[in-house]
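Please have the sequence and the model at hand while reading.

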Amino acid sequence: MRRHPVIGRRPPARLSLVAVLSLMSCETGPKDPVETASVPAPTPAAPPVALEPAADPAAVARGQALIDRFECVRCHDIPGREPAPLEKHCVRCHQDILAGQFPAPPETLREWQGHIVHLTDVPALRGTDRLRRAWLADWLHAPHDLRPGLNSTMPRLSLGTAEAADLAAALVPDAEAAAPPPGAEGRGRELFGAKSCGLCHRFTGAPNIAPAPKLPVPLDEAQLQRGLAQAPDLRFTRERMRPAALVAWLLDPPRHKPGTPMPKIPLEEADARALAAYVTEVPLEPLPAPKPVQRLPLLDRRVTWAEVEAKVFKKTCWHCHSDPDYARGDGGPGNSGGYGFAPRRLDLASYTGIASGSVGDDGKRRSVFAPLPDGTPRIVAHMLARHAEVEGAAPEQRGMPLGLTPVPLTDIQLVDTWIAQGRPQ
Ligand code: HEC
Ligand code: HEC
Ligand code: HEC
Ligand code: HEC
């Protein structure tokens with residue numbers, strides 16, 4: 001996310017080979033220092049990495065059905081599936097508007113273009129068998145930001161671990177291939193600078209390597225912009241990519257994923273292996289611990305509905321929480337339901353809408369202003385939770401706006417104050 005220098009959820013800790021070696025020498029070392037000094041310890045083999053087998057066909061079939069149920073095609077292109085119709089497609093419609101291709105008067109288009117910032121680009125779900133199935137299941141269950149150039153993230157859907165595993169099986173059905181022998185990390189480090197990889201990619205926690213100013217392949221401005229928007233933070237690649245697929249990817253990304261914004265940069269196979277070694281082996285600084293999110297104190301001045309409506313609810317929220325009658329029967333995923341969510345019937349487009357609350361898990365209406373046990377009004381807690389998600393935590397409340405840039409703390413403070421003042425019109 002542009003405004004939040006990639007933090008993401010900490011990937012599961014993995015012992016580096018160096019750590020494993022030092023642990024091993026601790027076990028044998030102190031007991032008999034004389035013997036260990038005279039007899040060199042045998043070189044320990046790298047821990048055997050089990051290749052992922054083909055997925056269980058029953059899990060693949062369940063996962064395919066879940067792709068329909070969770071309406072993944074409302075944001076992603078998925079091979080073999082019809083894209084969502086334009087009036088349901090959260091990305092295509094925004095793209096058409098920005099490209100001036102949406103049927104609306106020019107003044108209206110210009111106004112809209114000035115407002116749309118989210119869900120303007122997402123990666124296509126093609127060639128996903130380059131990913132580790134186990135990583136994908138964990139990440140779908142608790143997604144963190146992968147692409148710092150996109151200001152929307154994969155939304156935290158209402159997925160159990162079994163459903164996440166079935167979706168991962170559907171997206172990565174094939175068995176993993178054995179990787180070619182690793183290349184030289186030091187050579188990879190040189191190539192990383194010489195081939196300008198850092199022009200598009202962030203690599204959080206890795207040493208800073210200045211990219212050569214000129215890309216080895218010509219790209220037009222539009223290609224470069226898409227590359228910058230969609231390039232993943234390479235910090236997560238060692239967790240998420242299958243090693244054999246990583247080398248194949250570096251040699252020819254469009255062959256693996258037609259239409260990908262990563263260009264094919266000419267490389268010898270040994271160079272691709274060296275780059276793969278660098279990307280997966282260079283030691284990384286640990287991520288900072290998630291910062292606790294501050295609920296700001298209430299303001300002394302009066303806050304009216306007009307102010308919170310303009311700054312918060314009609315800016316972002318009502319695009320998913322609108323009045324279904326006004327919006328031709330679909331009040332958005334936060335009202336009528338969608339992306340696998342049951343209808344919450346929460347209308348944030350008007351004073352009376354917000355006052356009538358939402359539908360809880362027990363099917364009964366409840367207030368979104370009522371305080372949770374810690375005293376925070378429910379609607380405020382959901383907005384603070386989005387800050388916590390971006391910090392890398394997995395808070396109990398689902399962060400709002402779902403998968404989008406958090407509402408600035410000073411605007412959350414306005415809503416908090418407005419509620420405490422008895423919600424003046
Ligand atoms: C509201 C839009 C939206 C919906 C609905 C959605 N996604 Fe995503 N998804 C995103 C965005 C945005 C990203 C890019 C996130 C990033 O890279 O940090 C993403 C990324 C992904 C990725 C990572 C792909 C890669 O190459 O790194 C996978 C896999 C994925 N989504 C699967 C799914 C599945 C499966 C569903 C349905 C269960 C789904 N998404 C529904 C918006 C959405
Ligand atoms: C039929 C076209 C269309 C579809 C489909 C659509 N939008 Fe929008 N969206 C718009 C327009 C037009 C605006 C700008 C409205 C304005 O200027 O007030 C907008 C603005 C937004 C905004 C506020 C601006 C921003 O970028 O933060 C959000 C959030 C948003 N849309 C989310 C969604 C989501 C989520 C979906 C899918 C559930 C969706 N949209 C589907 C047309 C669409
Ligand atoms: C023009 C921008 C651009 C340049 C230059 C570039 N990449 Fe990429 N790279 C991307 C994009 C965009 C993606 C994601 C493609 C997709 O998901 O469709 C990507 C994906 C990757 C991935 C997969 C990472 C993951 O976690 O999914 C690796 C590894 C990678 N690039 C390494 C490199 C290396 C090494 C270089 C230099 C030789 C390089 N890239 C140069 C844009 C770029
Ligand atoms: C991209 C779509 C989207 C956007 C934008 C969005 N929401 Fe939501 N919202 C949802 C969905 C879907 C749910 C249902 C989640 C669930 O059932 O766990 C929801 C649920 C909620 C709930 C919980 C209701 C309850 O009783 O559990 C609150 C409160 C809420 N949203 C507030 C907001 C606010 C405030 C904003 C703007 C800052 C916002 N939402 C923006 C999709 C969205």
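By class, how many nonpolar, polar and charged residues does the shell around ligand 2 have? The shell has 12 nonpolar, 6 polar and 3 charged residues. In this count Ala, Val, Leu, Ile, Met, Phe, Trp, Tyr, Cys and Pro are nonpolar, Asp, Glu, Lys and Arg are charged, and the others, Gly among them, are polar.

The model is predicted: local features need pLDDT of at least 70, side-chain atom pairs count only at pLDDT 80 or more, and totals for chains, interfaces and linings use all residues. Residues are numbered from 1 along each chain as its sequence is written, chains are lettered from A and ligands numbered from 1 in the order in which they are written, and side-chain values use heavy atoms, with hydrogens and water left out.

**Ligand 2**

Ligand 2 is surrounded by 21 residues, the closest being C90, C93, H94, H115 and H118; a residue is near a molecule if one of its heavy atoms lies within 4 Å of it. The iron atom of ligand 2 has a single donor from the protein, NE2 of H94, 2.1 Å away. Donors here are N, O and S atoms within 2.8 Å of the metal (3.2 Å for Na, K and Ca), and water is not among the atoms, so sites may look incomplete. H94 is found in helix α4, and α4 also gives the largest share of the shell around ligand 2, 3 residues. Helices (H or I, at least four residues) and strands (E, at least two) are DSSP runs, numbered from the N terminus.

Domain 1 (57–171) and domain 3 (305–420) both give residues to this shell, so ligand 2 lies between them. The domain bounds come from an automatic or database domain assignment.

**Ligand 4**

Ligand 4 is also surrounded by 21 residues, and C317, C320, H321, S358 and M400 are the closest. By class, its shell has 13 nonpolar, 5 polar and 3 charged residues. Helix α16 (residues 378–391) gives the most to the shell around ligand 4, with 3 residues.

The table gives polar contacts of both ligands; such a contact is a pair of N or O atoms within 3.5 Å.

| Ligand atom | Protein atom | Distance |
|---|---|---|
| Ligand 2, oxygen | H115, side chain | 2.5 Å |
| Ligand 2, oxygen | V117, backbone | 2.7 Å |
| Ligand 2, oxygen | H118, side chain | 2.7 Å |
| Ligand 4, nitrogen | H321, side chain | 2.8 Å |
| Ligand 4, oxygen | R344, side chain | 2.7 Å |
| Ligand 4, oxygen | S358, side chain | 2.5 Å |

**Aromatic pairs**

Rings of Phe, Tyr and Trp (its six-membered ring) pair if their centres lie within 6.5 Å; planes under 30 degrees apart count as stacked, over 60 as edge-to-face and the rest as tilted. The count comes to 10 aromatic pairs. In one of them, F203 and Y278, the ring centres are 6.0 Å apart and the planes stand at 85°, so the pair is edge-to-face. F203 lies in the loop between α8 (185–194) and α9 (221–230) and Y278 in helix α13 (residues 269–281), so the pair ties together parts that are 75 residues apart in sequence. F203 is buried, with a relative accessible area of 10%, and Y278 is buried at 1%. Buried means under 20% relative accessible area, exposed over 50%, and partly exposed in between (1.4 Å probe, protein chains only).

The rings of F369 and W418 have centres 5.8 Å apart and planes at 80°, so this pair is edge-to-face. F369 sits in the loop between β2 (365–366) and α16, and W418 in helix α17 (residues 409–420), 49 residues apart. Both F369 and W418 are buried. Ring pairs link W305, F313, Y351, F369 and W418 into a cluster.

Key: Polar contact = N/O pair within 3.5 Å; in protein donor to acceptor, adjacent residues only side chain to side chain.
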